[in-house]
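Colleague: Could you take me through this model, one feature after another?

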Amino acid sequence: MSEVLTVYLGDTLGLYRALDRNGPMTAPQLASETGIFPRYAREWLEQQAAAGIVTVDHVSAEPDQRRYGFPTGHAEPLLDPESPYWIAAFCKSFVAIAGVMPELVSAFRSGGPVPWDAYGRDMIEAQGDFNRWWLVGSFGTGYLPSIPDLHERLSSGVKVADVACGVGWAAISLARAYPNITVDGFDLDEYSIEIARRNAAEAGVADRVTFEARDAADPALREAFDFATVIEAIHDLSQPVAVLGAIREMLKPGGTLIVADERTEDAFTAPASETERLFYAYSVLCCLPSAMDDPSSAATGTVMRQDTFEGYAKEAGFDEVSVLPIEHDFLRFYRLDR
Ligand SMILES: C[S@@+](CC[C@H](N)C(=O)[O-])C[C@H]1O[C@@H](n2cnc3c(N)ncnc32)[C@H](O)[C@@H]1O
């Protein structure tokens, strides 16, 4: 955990990027290049070398004469946000969680929430980056084309809603893959919407993708969409049945909703797999507390099992729920037809 926090410094201060761009550097050079204080640069570089994250040419040289390098194989996990091995996002999320520990302690005692926006911008950015690699790399170009009827409908040009869209990667991925569709993204969180708009502009799809800060439980848009997605958000909602019901209302008859959520085990087991342990840790530290904003919250938590989701879907009026044959280590893909 302690080294995870030092990776956060290297990521946020642009230290890895500078090492990667410039080749081996001394501590004074890194400090000057990135605008950080030289003594801190030296300590961070020594720590990173001690941890095996960067290399050092001569350990016995004077501290400010040593040159530190960035191994080629470390660029992908530390610098490439579209790689499945990108770990910088996890480090960022743990820093965000550490920042709300006093609020979490109080919430455990009171039963109240730690709202999603209390985790701050780092958490929102980290969440966007968790799913970016597969949303950008496979969702529109691999996963959906493998489902013939969905691919055919999306190719013909339809109206799509991305609900609880976060920073917008699902909407952007769909718009890039299917040039005839328009996508409207909705999320409660204003900062997520601000980033989503910027991401869409940079991806060149802002003419067909819009984002709006809005409560997904608000059923204002009746029968406006042919297709909808909810990516890794149902378990975070305090009112999942109300939101699923509102999405059903938003869909035209015959419309389809795709939900991606955690690929949990069928039942509680202990000790559990590494994946389930990760889900539980995020559940305790973030997903459950952020959903406890209402005494009537479903209080689902990250470990939403398949039968729990199917129960929510049926209660919301979706009679048809199936699991799509999409291989993903962390997520299960549900299909719900109106
Ligand atoms: C774990 S994030 C997932 C975001 C995004 N889909 C992704 O995969 O990165 C859950 C999101 O649900 C949003 N959210 C929670 N309750 C909501 C509601 N009632 N209406 C709209 N968005 C909501 C949060 O603001 C947050 O952005």
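Modeller: Helices (H or I, at least four residues) and strands (E, at least two) are DSSP runs, numbered from the N terminus. This is a predicted model, in which local features need pLDDT of at least 70, side-chain atom pairs count only at pLDDT 80 or more, and totals for chains, interfaces and linings use all residues. Residues are numbered from 1 along each chain as its sequence is written, and side-chain values use heavy atoms, with hydrogens and water left out.

Colleague: How much of the ligand's accessible area does the protein cover?

Modeller: Among the polar contacts (pairs of N or O atoms within 3.5 Å), a ligand nitrogen lies 2.8 Å from a backbone N or O atom of Ile231, and a ligand oxygen is 2.9 Å from a side-chain N or O atom of Asn131. Accessible areas come from the Shrake-Rupley method with a 1.4 Å probe. Of the 590 Å² that the ligand has on its own, the protein covers 90%.

Colleague: How are helix 2 and helix 4 oriented to each other, roughly perpendicular or roughly parallel?

Modeller: The axes, which are lines fitted to C-alpha atoms over the stretch in contact, with angles from 0 to 180 degrees between N-to-C directions, come within 12 Å for helix 2 (residues 15–22) and helix 4 (residues 38–50) and cross at roughly 80°. Because angles of 65 to 115 degrees count as roughly perpendicular, helix 2 is roughly perpendicular to helix 4.

Colleague: Which residues of helix 4 make the contact with helix 2?

Modeller: Contact means heavy atoms within 4.5 Å. On the side of helix 2, Leu15, Tyr16 and Leu19 take part. Their partners on helix 4 are Trp44, Leu45 and Gln48.

Colleague: Where does the peptide bond from Ala270 to Pro271 stand, cis or trans?

Modeller: Pro271 lies in the loop between strand 7 (251–262) and helix 13 (274–291). With omega near -5°, the bond from Ala270 to Pro271 is cis.

How values were computed: A polar contact is a pair of N or O atoms within 3.5 Å; within protein, one must be able to donate a hydrogen and the other to accept it, and residues adjacent in sequence count only if both atoms are side-chain atoms. Angles under 35 degrees count as roughly parallel, over 145 as roughly antiparallel, 65 to 115 as roughly perpendicular and the rest as oblique.
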